[in-house]
Amino acid sequence: MLNLIFLFPGLTLLLLCFFKRQEVVRWISLLGSILQLLFVLSLLSFYLQDVKLINASTTLYESSLPWFKTLNLNYHTGVDGIGLAMILLTAIISFTGVLASWNISLKPREFYFNLFLLSTGAYGFFIAQDLFTLFFFLEIAIIPKFLLISIWGSGKHIASANKLVLMLMAGSAMILVSMLGIYYNGSHCFDISVIAKNGLPVKVQQILFPLLFTGFGIFTAMFPFHTWVPDGHSSAPTAASMFLSGISMKMGAYGCLRVAMALMPQAAINQAWIFLTLALIGVLYAAFATVRQTDLKYINAYSSISHTSLVLIGILAMNATALNGAVMQMFSHGIMTALFFALIGMIYGRTHTRIVSEMSGLQKVLPFIGTAFIIAGLCSLGLPGLSGFPSEAKIFFGSYAADGHFIHLITIFSILSIVITAVYILRMSGSVIFGPLSNEFSPLKDGSWYEKYLIVILVGTIIFVGIYPTWISDLIQYGVNNIMLQIKDHSVAVVPHGILNI
Amino acid sequence: MNSLSIILIPALPLAVFVLNGLFGKVIGNKLAGILGTLCIAISFVLSLSIAYTFFAVSKDGAYPAQIPFKFDWLQFGKGINVQLGAIIDGISVMMLIVVTLISLMVHIFSLSYMHGEKRFATYYAFLGLFTFSMLLLVLSVNIFQMYMGWELVGVSSFLLIGFYYDKPSAVAAAKKAFIVTRFADMFFLVGILIVSSIGGSLDIPTLIQNLGQAGAIDHLHLGTTFIGWSSLSTGLLFIFIGGAGKSALFPLHIWLPDAMEGPTPVSALIHAATMVVAGVYLVARLFPIYLFSAPEILRIIAYAGAFTSLFAAIIACTQFDIKRVLAYSTMSQIGYMIFSLGLGGWNQNVHGYTASMFHLFTHAIFKALLFLSAGVVIHYVHSNDMRDMGALRKKMPFLNIVFLIACLAIAGIPPFAGFFSKEMILNTAWEANGFIFILGVLTAGLTAFYMFRLYLSIFWRDAINSEDKHNSHPHSSWLENLPLGILAIGAMMAGFIPFAKFINFDVHIDETSNFSVTAIAIAMAISGILLALFMYKSDSDRPRTMVSSLGSLYQIIYKKFYIDEVYLFFTKSIVFNSIAKPIQWIDKNIVDGFMQLTANFSLFLSRKIRGMQSGNLQYYMMFFMAGLLLLFILCISI
């Protein structure tokens with residue numbers, strides 16, 4: 001049943017091959033993404049029912065097909081709470097991404113095709129239970145990014161696309177190498193649950209963990225491998241920015257959690273301090289860098305680095321609450337940043353500038369977009385009642401509850417980010433949305449229907465999660481329990497043996 | 001206790017926010033205002049009924065706290081739960097009445113005052129949001145719930161200060177207010193983390209049970225940190241810093257005077273009566289913990305409060321913008337409330353607790369009255385500057401009377417409300433700490449002086465030029481006069497409430513009143529008033545001679561001790577230029593530069609290697625032979 005997740009994206013991709021006109025392809029894409037969203041929602045409700053029946057947190061809807069028998073490669077899929085939260089995020093962003101690129105006129109069919117290919121990769125990645133399958137879908141999602149940025153991008157888009165793909169490929173290479181290391185030093189298979197159950201020798205973990213974590217870390221924009229983010233996001237077309245920072249960066253964090261942490265908990269405990277330090281630097285450094293930015297997209301890109309580094313802190317704290325908060329933050333930040341990029345796209349489409357100092361007082365002519373912009377900003381700076389607040393609070397409380405003075409200090413310093421975030425958010429919205437309106441902007445028109453739908457959906461999700469965070473936190477908890485069990489089982493028991501044999 | 005009515009008290013303003021915010025255009029301005037006022041009126045009536053039922057039942061003279069309802073909102077791990085709920089005890093009931101009363105007065109007042117404003121419905125939506133958030137804060141049963149209300153009042157204040165968003169000064173003031181208080185909130189959050197991890201809960205009653213009992217601290221075996229405090233004390237200090245930001249204590253006060261950019265009724269509600277006392281309420285809420293587990297922090301609190309009250313009173317004497325004078329006066333009075341609480345740091349003196357809450361109550365009434373009256377004056381004169389005013393007593397006889405009542409109340413002249421609460425605070429200070437007592441008495445004298453300077457400059461000081469400038473008749477609306485009248489009656493009568501009977505820390509400790517302290521306080525107030533009369537009763541050269549005799553000292557005070565400039569230096573030169581700018585440079589040139597270098601290096605390498613695959617057979621042959629040779633050598637050597 002789970003593999004039906006590819007049904008609607010696949011059908012849409014197929015249909016897109018036969019049509020070319022903008023009016024047709026955008027409706028096909030919209031329909032496809034709506035059906036997919038409905039499918040994901042029903043999957044969610046089935047999962048919530050079934051998981052209560054089983055009364056245990058395991059991976060559900062598993063299916064396995066042999067892919068390449070001699071190497072023990074299987075197409076093994078299944079979901080748990082964490083995966084489902086990410087799938088829901090992907091579905092929402094795909095849907096709103098189609099709305100955000102409603103007016104794309106340059107090669108619309110190819111544009112939507114790439115968009116759907118990207119989301120297909122993401123779905124596959126989040127349901128994969130097998131390292132090889134996971135890697136396969138991770139790679140599928142890279143190429144469309146390159147095309148989207150280099151063909152539909154703006155500014156120095158070719159250079160940005162090259163940089164993005166090269167850095168992500170470097171990350172992929174690290175992941176591939178460590179996958180092979182895991183394969184040969186473990187159970188000679190790629191199945192995540194089997195590897196987790198058998199465990200890996202500590203010596204192997206010590207070598208492979210940093211490689212794997214850095215590999216996925218590049219996707220998550222971990223300091224100092226974050227430089228693809230600002231350039232990539234700012235050159236990309238709106239929908240691609242939404243995907244990049246809404247889903248792509250989360251794929252990295254998901255990999256860090258699901259693969260690096262869960263398979264190599266012992267090394268994770270030993271080396272957490274290195275990555276915690278990097279993540280803390282990322283949180284503060286990116287926040288300070290944001291303060292100096294003048295371009296709206298750069299502001300949001302740097303702020304994304306800061307927010308996702310917070311996710312890494314939550315993951316590395318290795319505490320159920322912090323993990324839960326980290327995944328919530330992935331979801332919440334995904335929605336928020338997609339909203340931000342969509343709004344920036346709308347503003348840019350009207351004012352033809354993204355430079356903060358060139359805009360002023362847009363609230364007067366664009367009340368709808370302006371209000372949404374303020375709400376997105378307030379979510380970013382962690383206002384209660386919006387989704388960022390419970391997520392960040394969970395990360396802070398969770399990592400403060402972890403043992404050791406080091407992690408306490410990391411937590412306290414990372415809280416400094418809530419002040420810096422307030423500074424840049426208010427600087428940005430203070431001059432773009434508020435202030436006196438200049439004459440050149442007075443004839444601007446407020447959002448059209450598809451823009452309003454997009455805003456309502458994303459803002460609605462932000463508010464819903466903010467007011468009633470328990471539903472998503474409970475959903476995530478099913479997955480977190482699963483991972484915590486794996487971590488607990490093997491955090492001490494593994495006996496080191498022999499040398500690393502790759 | 002009826003939990004439905006308690007839920008309704010904050011829920012009604014929230015409903016107003018949602019309705020007016022989403023459907024303001026459909027509802028229309030007039031209806032939006034009436035809807036908001038009606039809902040808050042119901043909240044007020046419900047608060048009164050809760051106060052009545054709560055204070056009707058007493059157990060040996062004490063009123064036990066009740067928790068009518070609470071529910072789980074989010075879990076932060078074992079025992080650390082965020083529960084939203086309501087706690088009903090003396091101080092929360094008192095705050096319920098203060099918040100809903102002042103909010104109702106401001107709602108009514110704004111119906112006329114904000115008339116003709118285009119975004120009238122939005123204004124009422126924001127007022128609703130503020131009232132809801134403040135009530136959420138006041139009713140908090142959980143310290144994290146308090147933090148949530150705390151952040152929400154902060155953002156409502158931001159939205160309302162920046163209500164006239166096309167005015168750059170308003171936007172700047174709103175940003176400043178938000179960022180300064182946010183900086184303090186960071187400490188609050190860290191404090192919550194520390195205290196909750198020591199106390200094992202976020203629930204306030206549980207925390208008080210674990211940490212706020214005599215001797216509770218000894219069971220915890222807390223080590224001392226490098227300053228010599230326990231980590232609990234550090235946590236409690238951080239929580240207080242959060243409160244100091246909201247309550248505009250020195251040195252986190254710089255946002256409050258600028259916040260006067262907002263509409264005047266907003267200043268009355270948020271920046272005089274309710275939100276700015278949140279810090280006082282926070283310390284009062286956790287008072288047992290401070291009292292028993294961290295008396296050294298209470299002493300710090302006392303000094304911070306006393307210093308702020310004198311500091312702000314000195315500045316208030318030199319300012320000309322009437323709203324700013326009132327803002328500094330608010331700071332000064334909040335300093336009073338704070339040091340009154342802090343007096344518990346000496347011999348566990350708990351009279352200050354009652355006195356502080358009493359002063360909070362009376363101050364809310366007369367300060368809201370002052371702000372609303374100032375609003376009427378500003379509308380009439382079209383200026384905030386008291387030098388543009390004068391001789392208004394003939395034009396506005398009603399306003400003259402209510403303003404005088406408020407001034408007498410804040411100056412501490414019996415039998416007006418402020419006298420009773422101030423006298424109680426000074427009595428406690430006399431018992432606890434002489435130094436703070438002296439600061440308090442000095443402040444009392446200055447308060448009387450600057451308030452009457454303000455009053456006389458507006459309503460007397462028969463200037464020559466101001467007479468002809470405002471020959472129009474001030475329009476007076478019953479919607480504005482009604483709240484003024486009600487608050488004036490409150491400012492006259494509130495002192496007679498037997499406050500100590502209702503709100504006290506321990507029923508068995510009787511309050512003592514020292515006649516000589518009362519006499520000193522009254523004497524200071526009267527001499528302050530007399531000095532003001534001497535200088536400002538009529539237009540004269542006396543203020544100018546006074547200023548020139550003070551010389552540069554006056555300039556320093558007038559420039560508010562240059563604290564703003566210090567902050568500007570800190571943020572501009574240090575944060576922006578010495579941190580953010582270098583980081584931006586490093587990111588662009590070093591971090592990204594390294595990545596570029598890697599790419600360029602591989603490009604360079606690939607160009608070199610490319611040469612090998614030239615398609616030239618001779619080259620291939622050469623490589624082949626060289627490889628064979630190498631293998632051969634390897635084989636031999638092994």
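**Notebook: chains A and B of a predicted model**

I began with burial in chain B: of its 638 residues, 54% count as buried. I note at the outset that the model is predicted.

**Entry 1. Chain B as a whole.** I looked up the secondary structure of chain B and found 26 helices and two strands. I then took the extent along the principal axes, where the C-alpha atoms of chain B fill a box of roughly 115 × 65 × 60 Å.

**Entry 2. Where chain B touches chain A.** I looked up the contacts between the two chains and found 34 residues of chain B in contact with 40 residues of chain A. I asked which elements of chain B give two or more residues to this side. They are helix H5 (143-161), helix H6 (168-199) and helix H25 (563-610) of chain B. H6(B) gives the most, with twelve residues. I sorted the side of chain B that touches chain A by class and recorded 23 nonpolar, four polar and seven charged residues.

**Entry 3. Two packed helices in chain B.** I recalled that two packed helices are described by the angle between their axes and the distance between the axes. I looked up both values for helix H13 (residues 295-316) and helix H18 (residues 434-459) of chain B: the axes come within 9 Å and cross at roughly 25°. Angles under 35 degrees count as roughly parallel, and therefore H13(B) is roughly parallel to H18(B). I recorded the crossing of H13(B) past H18(B) as left-handed.

I next looked up the residues that meet. On H13(B) they include B:Ala302, B:Ala306, B:Ser309 and B:Leu310. On H18(B) I noted, among them, B:Ile436, B:Leu439, B:Gly440 and B:Tyr450.

**Entry 4. A helix in chain A.** I turned to helix H14 (residues 320-351) of chain A, which has 32 residues. From its first C-alpha to its last, H14(A) reaches 46 Å, close to the 46 Å expected at 1.5 Å a residue. Lastly, I looked just after H14(A), where A:His352 takes a positive phi of about 60°.

Conventions. Residues are numbered from 1 along each chain as its sequence is written. Chains are lettered from A and ligands numbered from 1 in the order in which they are written. This is a predicted model: local features need pLDDT of at least 70, side-chain atom pairs count only at pLDDT 80 or more; totals for chains, interfaces and linings use all residues. Two residues are in contact if their C-beta atoms, placed from the backbone, lie within 7 Å. Helices (H or I, at least four residues) and strands (E, at least two) are DSSP runs, numbered from the N terminus. Ala, Val, Leu, Ile, Met, Phe, Trp, Tyr, Cys and Pro count as nonpolar, Asp, Glu, Lys and Arg as charged, and the others, Gly among them, as polar. Axes are lines fitted to C-alpha atoms, for helices over the stretch in contact, and angles run from 0 to 180 degrees between N-to-C directions. Angles under 35 degrees count as roughly parallel, over 145 as roughly antiparallel, 65 to 115 as roughly perpendicular and the rest as oblique. A crossing is left-handed if the near helix is turned anticlockwise from the far one by less than a right angle, and right-handed if clockwise. The expected span of a helix is 1.5 Å times one less than its number of residues. A residue is buried if 20 or more other C-beta atoms lie within 10 Å of its own, exposed if 12 or fewer, and partly exposed in between; C-beta atoms are placed from the backbone.
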